[in-house]
Amino acid sequence: MQIDWEALGSVFGVSLVVTVGLVALFTLGIVGLSRQERATAQGGSAILAVTGAYACFAACAAAVAYGIHLIVA
């Protein structure tokens with residue numbers, strides 16, 4: 001049995017980058033929602049923050065759905 005170390009390293013690298021990217025994207029969504037709550041408490045509006053947060057969550061959901069599609073197909 002022979003291990004293809006280059007392919008294993010490639011899979012590890014891509015997995016690491018995608019995981020960190022998804023976590024960062026989800027974190028940006030949470031930050032956007034927290035800014036909306038702060039703006040509402042101060043009597044303002046943060047429509048751009050909420051829109052950005054929902055876009056981040058939608059991108060996370062799309063990435064997860066694409067991953068599931070790759071696994072199932």
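In the predicted model, helix α1 passes helix α2 in a left-handed crossing, that is, the near helix is turned anticlockwise from the far one by less than a right angle. Helices are DSSP runs of H or I with at least four residues, numbered from the N terminus. Local features need pLDDT of at least 70 and side-chain atom pairs pLDDT 80 or more, whereas totals for chains, interfaces and linings use all residues. Residues are numbered from 1 along each chain, and side-chain values use heavy atoms, without hydrogens and water.

Helix α1 covers residues 5-41 and α2 residues 47-72; their axes lie 8 Å apart at an angle of about 155°. Axes are lines fitted to C-alpha atoms over the stretch in contact, with angles from 0 to 180 degrees between N-to-C directions. α1 and α2 are therefore roughly antiparallel (angle over 145 degrees).

Contact (heavy atoms within 4.5 Å) joins L22, L25, F26, L28, G29, I30, G32, L33, R35 and Q36 of α1 to A49, V50, A53, Y54, C56, F57, A59, C60 and A63 of α2. These residues comprise 15 nonpolar, three polar and one charged; Ala, Val, Leu, Ile, Met, Phe, Trp, Tyr, Cys and Pro count as nonpolar, Asp, Glu, Lys and Arg as charged, and the others, Gly among them, as polar.

In α2, V50, A53, C56 and C60 are buried (under 20% relative accessible area, 1.4 Å probe, protein chains only), and the buried residues of α2 pack against α1. V64, also placed in α2, has 46% relative accessibility and so counts as partly exposed (between 20% and 50%).

Technical notes
Helices (H or I, at least four residues) and strands (E, at least two) are DSSP runs, numbered from the N terminus. Angles under 35 degrees count as roughly parallel, over 145 as roughly antiparallel, 65 to 115 as roughly perpendicular and the rest as oblique.
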